[in-house]
Amino acid sequence: MVAAFGLGAGEEALEIAIRYSQQRIQGGGPLSDKQGYTHKLLVPNYVRMEGARSYIEYTSQRLDSGEHGLQTEGAIAKYGASEWGNKAADDAIQALGGYGYTKDFPVEKIKRDIKICCIYEGTSEVLEMTIYRGRWQEHLKSRGRYYLDMADRLDQVHAEEPKAGAHAAALSLRALAAVLEECRVQKLTRHQHVTFKLGKLICAAETAAIFSTAAAAKKYSETVRFDREGWQAMARVFAREAALNTALEGLALVQGAAETPGNLADAVNIEAVQAEQKGMIADMDLVAAKLKQTFKAK
Ligand SMILES: Cc1cc2nc3c(=O)[nH]c(=O)nc-3n(C[C@H](O)[C@H](O)[C@H](O)COP(=O)(O)OP(=O)(O)OC[C@H]3O[C@@H](n4cnc5c(N)ncnc54)[C@H](O)[C@@H]3O)c2cc1C
């Protein structure tokens, strides 16, 4: 329930900002036409909220079908929607400039309200620990295959539908497997900071996998408000960001904690992750256009 609150509040704040940006003229044109604005404050946030939506629906469907033991999935759903929603609401205030800070527009209230999602029913930090613990057990039990197997399934998705970001999601999962393995070999999970940060990386990588899989499906959930072209561009943007963050933050985490840093740059496939960033700006342009089209100025 808290996950749905985070999702709804985050998207509402962004939708207010998207409509506002089409009416506010600065520097000779509407803010909605300026990449420095849209690609920082609107597009990445909306894309993350759609990732959260995909993950919430995926988990809800499994729960509705009677599955038990989905504590880690529940934690990922709540953590992602709360953290990304909170960030989205904060950026929505920024997107409205001075008006965002006042009570004339509801974004400041949304920001105050959404913050509780990061605190009650499991603080974000406690959830990072929960997510890490759940998936660390899977990594050990499977002898490091847990995320490699998931990446193989994403390769299949990519073979059937190459436009949904599944290749980038697979890169993210393989980088995650490499980071987890290096943490095991070097016993780095004795540092609480490492374990919590792993929880964060796991949330983004798994959400990328679920979002790309949903965006590759022939039929979309009725909650998706975008056409195939737009939603797949969102999944690609999300998956690229996840791959980059998993590889770079994972690398930095290990380098920061290890006494003898290994050759993790190769293991996380940093070159492939960087090459995968090709087309990012064009996709963000496309998402910005779809957002404008879907949430027109009133
Ligand atoms: C509006 C509101 C409604 C609420 N409703 C309910 C309710 O209906 N039922 C209910 O039972 N509770 C409710 N709560 C309480 C809420 O669940 C707690 O505030 C929340 O769990 C955090 O606990 P705490 O306030 O004791 O903070 P603390 O546990 O002291 O946490 C403070 C900070 O330390 C971090 N932290 C805590 N433990 C660790 C650790 N081991 N390692 C690293 N960092 C850690 C936390 O993540 C947080 O950032 C509500 C709170 C609010 C504000």
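Q: Which residues does L291 touch, not counting residues up to four places away in sequence?
A: L291 touches I18, V43, Y46, F226 and M234. Contact here means heavy atoms within 4.5 Å. By the way, this is a predicted model, where local features need pLDDT of at least 70, side-chain atom pairs count only at pLDDT 80 or more, and totals for chains, interfaces and linings use all residues. Residues are numbered from 1 along each chain as its sequence is written, and side-chain values use heavy atoms, with hydrogens and water left out.

Q: Why is K290 called buried?
A: Buried means under 20% relative accessible area, exposed means over 50%, and partly exposed is in between (1.4 Å probe, protein chains only). K290 has a relative accessible area of 8%, so K290 counts as buried.

Q: What is K290 in contact with, leaving aside its neighbours within four places in sequence?
A: K290 is in contact with F226, D227, E229 and G230.

Q: What makes a set of residues a nonpolar core?
A: They must be buried Ala, Val, Leu, Ile, Met, Phe, Trp, Tyr and Cys residues joined through side-chain atoms within 4.5 Å. The largest such core here has 102 residues, and M234, V268 and L291 have the most contacts inside it.

Q: How do you know which residues of the largest cavity's lining are nonpolar, polar or charged?
A: Ala, Val, Leu, Ile, Met, Phe, Trp, Tyr, Cys and Pro count as nonpolar, Asp, Glu, Lys and Arg as charged, and the others, Gly among them, as polar. The lining divides into five nonpolar, four polar and one charged.
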